[in-house]
Amino acid sequence: PLFRSRSCTMGKQKKKGQSGEATNYVSRNQAQKRLQLSLADFRRLCILKGIYPHEPRKKKVVNRGNSAIKTFYYVKDIHYLAHEPLLVKFRQFKAFMKKFRRAVNRDDDDTAQIGRAV
């Protein structure tokens with residue numbers, strides 16, 4: 001044939017939502033799951049590091065066709081937070097508080113006294 005359809009001669013077709021504006025943003029819930037943080041810790045970390053939510057230009061594309069109200073962050077910002085030393089400190093403190101509460105509730109005076117001194 002003289003004229004082939006355009007899709008046959010071109011490279012692999014891109015899927016919807018796999019490139020462009022849709023890949024530059026991530027929702028707050030997805031960001032929390034990636035960083036493995038609670039909402040309070042995530043908000044605290046964002047405030048300390050000066051990372052703010054952004055309004056996407058094509059909100060419907062980013063939100064996969066849904067027009068619901070969501071908070072979006074840049075993927076680059078979340079990637080930056082993932083390699084933050086403060087994240088390790090947050091996790092260590094959370095683990096310490098878990099052990100401390102357990103000791104206090106067991107009436108384990110030795111461990112609790114050490115925890116209160118620190």
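## Aromatic pairs and surface residues

The count of aromatic pairs in this predicted model comes to three, where rings of Phe, Tyr and Trp (its six-membered ring) pair if their centres lie within 6.5 Å, and planes under 30 degrees apart count as stacked, over 60 as edge-to-face and the rest as tilted. One of them joins F42 and Y73 in an edge-to-face arrangement, with 5.3 Å centre to centre and 85° between the planes. Because F42 belongs to helix α4 (residues 39-49) and Y73 to strand β2 (residues 72-74), this pair ties together parts that are 31 residues apart in sequence; helices (H or I, at least four residues) and strands (E, at least two) are DSSP runs, numbered from the N terminus.

The model is predicted, so local features need pLDDT of at least 70, side-chain atom pairs count only at pLDDT 80 or more, and totals for chains, interfaces and linings use all residues. Residues are numbered from 1 along each chain as its sequence is written, and side-chain values use heavy atoms, with hydrogens and water left out.

The table sets out accessibility, where buried means under 20% relative accessible area, exposed over 50%, and partly exposed in between (1.4 Å probe, protein chains only).

| Residue | Relative accessibility | Class |
|---|---|---|
| F42 | 0% | buried |
| Y73 | 7% | buried |
| V61 | 42% | partly exposed |
| R106 | 62% | exposed |

V61 has its place in helix α5 (residues 59-62), and although V61 and G20 are 41 residues apart in sequence, their C-alpha atoms are 9.6 Å apart in space. R106, for its part, lies in the loop between α7 (85-105) and α8 (109-117).
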